[in-house]
Amino acid sequence: MIIPPLLPCLGARFLVTSLLFMTSAALIAEKRSGPWGPSITALALVLALPVLVVIGFLFVPAGEVWGHLAATVLRDYVTNSLGLMLGVTIGTLIGGVGTAWLVSMCRFPGRGLFEWALLLPMAMPAYIIAYTYTGLLDFPGPVQTLLRGWFGWGFGDYWFPEIRSLEGAAIMLSLVLYPYVYLLARAAFLSQSLCVLEVSRTLGNGPWRTFFTVALPLARPAIAAGLSLALMETLADYGTVQYFGVATFTTGIFRTWFGLNNPAAAAQLSALLLGFVFLLIAMERLSRRRARYHDTSQRHQTIRRLPLRGWGAALALVFCLIPVALGFLVPAGQLAVWALTVADTSFDAAFWNLVLHSLGLAAVAALLALALALVMGYGRRLLPTRMVNSAVRIAGMGYAVPGTVIAVGVIIPFAWIENSLDAWMRARFGLSTGLWLSGTLIALLFAYLVRFLAVSLQTVESGLGKIKPAMDESARSMGMRPGEVLRRVHMPMLRGSLLTALLLVFVDVLKELPATLILRPFNFNTLAVRVYELAADERLADAAPAALAIVLAGLLPVILLSRSITQSRHAQST
Amino acid sequence: MSPTHRSLIAASLAALSTLPLQALATEVNIYSARGEELIKPLLDRFTAETGVRVNLVTGKADALLQRLQSEGVNSPADLLITTDAGRLYRAKEAGVTQAVTSERLNAAIPAAYRDPDGHWVGLSLRARPILYVRDKVQPAELSSYEDLADPKWKGRICIRSSDNVYNQSLVASLIANQGAEATEAWAKGLVGNLARPPKGGDRDQILAAAAGQCDLAIANSYYFAGMLTSAETEQREAAGKLGLFWPNQEGRGTHVNISGAAMTISAHNKDEAVKLLEYLASDAAQTWYAETNGEFPVRPEVPVSATLAAWGEFKPDSLNLERLGELNGEAVRLMDRAGWK
């Protein structure tokens with residue numbers, strides 16, 4: 001028995017109840033807001049469906065397996081997940097905020113280059129960087145073999161950091177996730193009104209003090225948004241921790257589901273995982289309390305960057321070089337070396353077909369996610385009721401849920417709806433409607449939206465947050481309807497954020513594996529699927545060309561992204 | 001012609017009923033846990049020989065099984081292919097498979113590698129032998145899986161995580177043979193003998209052993225074969241330092257698993273699906289498994305490749321593989337308790 005037959009009924013009941021509850025609440029809200037409230041709530045609800053299905057499993061009895069988990073492995077899951085989150089927090093904050101401050105506020109050799117190069121690791125999927133570093137740094141790898149050769153050491157004669165460990169996983173994830181923090185922090189630093197910083201400087205604060213007392217607190221919402229993206233991705237990571245043998249919540253979910261054959265307990269673990277995310281969000285909200293962070297001045301002049309010389313410049317350069325080198329140059333170099341060894345057989349027509357599929361899916365998903373994020377982000381600004389707030393919040397939670405769990409959350413309700421309809425049509429008209437969503441690209445795109453909406457939503461909302469409400473009020477007082485305000489006032493001001501949202505989702509979908517693997521139609525493969533299949537068979541060299549293609553395809557949007565931020569800054573300052 | 005167009009096909013079938021049936025394209029739809037590289041070439045040959053088109057989705061067995069279950073009677077899939085017996089058993093238990101009646105399959109495939117009720121058939125064999133570093137271990141020191149818990153191997157064994165189904169199946173086979181209690185004691189002993197916490201895949205264990213981190217590695221035979229014939233020099237050199245030992249030859253035989261296939265309860269293309277299964281059990285296909293992926297043919301009379309033949313004949317465990325599926329959950333709990341990461 002894999003899914004108790006009881007579950008569809010229970011799940012459906014749970015869904016219908018929450019649906020009724022939320023719509024009725026939305027209808028009450030409608031009196032004040034026109035069509036925005038209910039539409040957003042309904043939309044959020046549809047997107048929350050997979051997560052709700054997972055939560056619905058809480059009502060399915062899981063048997064005595066919890067006793068077993070608590071007695072054996074649960075402690076490891078919790079401590080390792082927390083440890084990983086702590087490590088990634090430290091890593092991404094130092095790497096992301098530090099570099100963002102240096103390239104936006106200081107002048108040193110290579111600054112212009114680093115401005116965009118710091119984004120490069122974003123194109124590198126975490127599981128791929130984990131494979132390459134293991135290949136390089138593990139006991140049998142070239143680095144340790146070389147050391148042994150030089151010094152005549154054998155096994156046990158010397159100490160070398162163990163790459164496949166909790167610390168190693170935290171470093172791998174930090175290396176590819178710090179760009180989220182960097183990106184948002186940099187945008188925040190750049191958009192801070194020069195006046196504020198100048199006032200701080202004229203009050204006698206040095207550059208360091210200005211950074212810690214003015215710039216950093218002002219950039220906090222953006223940094224928090226970036227960090228929460230990084231942490232949610234950390235919680236959802238399966239590939240890296242599984243390969244490194246670190247038992248986290250995510251590996252525990254899979255083990256409980258498939259190894260112990262207990263989907264109810266696995267889904268309950270997923271629900272616990274969501275608890276982590278709630279806690280994260282609540283803590284951030286709580287610490288921010290009622291503070292608001294709008295720009296009050298429209299005077300954005302180009303910042304005069306603090307020139308660094310001598311050791312200062314050298315340190316800044318090294319500080320920026322480390323994440324780029326470790327997060328991109330080294331692993332990409334290793335991939336290129338591997339790819340060369342199999343180049344003669346790899347680049348056939350089928351390969352280009354994969355590239356096409358990956359790019360097409362990523363582009364469509366990114367556009368859809370952007371549209372949804374705009375509607376929902378703006379709707380929440382328009383109507384910050386508790387109902388809309390929580391609906392949007394739940395819809396964005398999919399980011400922290402492992403892709404496989406999301407995919408199952410998509411399969412169950414979709415197939416249930418289709419099969420129910422089919423049964424009804426057969427009984428009523430003797431006509432079979434079959435499956436028209438499951439196994440199509442629509443189901444796959446839906447899963448992408450559920451999984452990655454948080455990315456575009458966070459970006460759009462952090463952009464919207466900087467536009468002071470007075471703008472909305474004056475536009476509305478001039479007779480514009482809400483939709484018009486969004487289109488004619490906000491969207492032009494948000495151009496940078498919109499592009500960021502678009503490109504972030506694009507890169508994320510490009511790298512996405514588990515949902516693609518489960519939901520894709522017949523005879524439809526992507527680059528990530530190809531990498532997985534070969535890597536799962538432990539053929540890393542054969543996997544390298546497709547992995548490299550993912551990285552390269554991700555590069556273009558990353559570079560575009562970086563340019564656009566600089567440009568939007570210039571446009572604003574003139 | 002995709003499965004979503006089935007109704008269209010049905011309509012055109014009705015319209016074209018005057019034409020001979022063979023002129024129309026027929027198809028089989030497969031959910032496969034075998035990667036594309038390890039199944040597509042065979043499917044292409046099948047299509048070339050029979051004209052039956054094959055549509056393929058690959059993925060992880062558990063997820064495909066979940067998809068199959070949710071889609072229920074309307075699922076487009078005709079066959080489910082997995083790389084272990086445990087999942088086939090699980091599919092049968094979940095009620096998403098049906099019995100296949102084929103004299104040819106029954107005659108070709110030994111009973112141990114078929115479901116007693118005919119719900120699934122094995123298509124290739126995967127053995128899990130002990131690999132030893134030639135400079136450090138004499139084959140005479142080795143005997144059985146049970147012996148790996150002996151303190152003489154302290155700090156000398158490499159094996160991957162208990163998350164992996166191959167280890168779960170191995171432990172399930174031990175439980176079937178000697179009971180849960182003895183197996184738990186064995187697992188604790190084995191964990192105490194590990195050279196390092198379990199990490200990486202099977203090839204990683206072989207690489208670590210070759211580099212000197214441990215003296216024994218437990219890995220599936222086809223990974224070892226893949227490394228011996230690899231295009232990468234490092235892989236070939238590493239594997240070259242190790243020898244292969246078939247454990248438990250005095251007793252029940254070496255633990256084996258299968259990759260196999262089951263027909264789904266929703267199968268719309270039964271005849272074509274059976275035809276494909278028969279093809280996959282044919283001489284040509286069976287030889288291909290050995291030549292391309294270093295797996296053993298499920299039919300003992302089919303010759304193996306030179307790499308595999310060099311390891312000598314071995315006696316496989318004759319335990320009906322259904323037991324591996326039944327005992328999988330118990331095996332995982334036992335490994336949790338033993339502290340096998």
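Reader: Hi! Which hand does the crossing have where α18(A) passes α3(B), left or right?

Author: Hello! α18(A) passes α3(B) in a right-handed crossing. The helices themselves are DSSP runs of H or I with at least four residues, strands are runs of E with at least two, and both are numbered from the N terminus. The structure is a predicted model, in which local features need pLDDT of at least 70 and side-chain atom pairs count only at pLDDT 80 or more, while totals for chains, interfaces and linings use all residues. Residues are numbered from 1 along each chain as its sequence is written, and chains are lettered from A and ligands numbered from 1 in the order in which they are written.

Reader: What angle do α18 of chain A and α3 of chain B make, and how far apart are their axes?

Author: Helix α18 (residues 403-429) of chain A packs against helix α3 (residues 61-71) of chain B at about 15°, and their axes are 8 Å apart. Angles under 35 degrees count as roughly parallel, those over 145 as roughly antiparallel, 65 to 115 as roughly perpendicular, and the rest as oblique. By that scale α18(A) is roughly parallel to α3(B). As for the axes, they are lines fitted to C-alpha atoms, for helices over the stretch in contact, and the angles run from 0 to 180 degrees between N-to-C directions.

Reader: Which residues make that contact?

Author: From α18(A) come Thr404(A), Ala407(A), Val408(A), Ile411(A), Ile412(A) and Ala415(A), and from α3(B) come Ala63(B), Gln66(B), Arg67(B), Ser70(B) and Glu71(B). Residues are in contact if their C-beta atoms, placed from the backbone, lie within 7 Å. By class, the residues between α18(A) and α3(B) are six nonpolar, three polar and two charged. Here Ala, Val, Leu, Ile, Met, Phe, Trp, Tyr, Cys and Pro count as nonpolar, Asp, Glu, Lys and Arg as charged, and the others, Gly among them, as polar.

Reader: How many residues does each chain give to the contact of the two chains?

Author: Chain A gives 49 residues and chain B gives 54. On the side of chain A that touches chain B, α18(A) supplies the largest share, nine residues. That side of chain A holds 24 nonpolar, 17 polar and eight charged residues.

Reader: Within chain A, at what angle do α4 and α10 cross?

Author: Helix α4 (residues 74-105) and helix α10 (residues 207-236) of chain A cross at roughly 135°, and their axes come within 9 Å. With that angle, α4(A) is oblique to α10(A). α4(A) passes α10(A) in a right-handed crossing. Among the residues that meet are Ser81(A), Leu84(A) and Trp101(A) in α4(A), and Phe211(A), Gly226(A) and Leu235(A) in α10(A). The contact of α4(A) with α10(A) has 12 nonpolar, six polar and no charged residues.

Reader: How is Asn523(A) classed, as buried, partly exposed or exposed?

Author: A residue is buried if 20 or more other C-beta atoms, placed from the backbone, lie within 10 Å of its own, exposed if 12 or fewer do, and partly exposed in between. Asn523(A) has 14 C-beta neighbours inside 10 Å, so Asn523(A) counts as partly exposed. Asn523(A) sits in the loop between α23 and α24 of chain A, and its phi is near 55°, a positive value in a residue other than glycine.

Reader: And Asn248(B), is that residue buried or exposed?

Author: Asn248(B) is buried, with 22 other C-beta atoms within 10 Å. Asn248(B) lies in the loop between β9 (242-245) and β10 (256-264) of chain B, and has a positive phi of about 60° although it is not a glycine.

Reader: How do you know whether Gly226(B) is buried or exposed?

Author: By the count: Gly226(B) has 22 other C-beta atoms within 10 Å, so Gly226(B) is buried. Gly226(B) lies in helix α9 (residues 221-228) of chain B. Gly226(B) and Thr292(B) are 66 residues apart in sequence and 8.7 Å apart in space, C-alpha to C-alpha.

Reader: What share of chain A is buried?

Author: Buried residues make up 52% of the 574 residues in chain A. Chain A has 25 helices and two strands.

Terms used. A crossing is left-handed if the near helix is turned anticlockwise from the far one by less than a right angle, and right-handed if clockwise.
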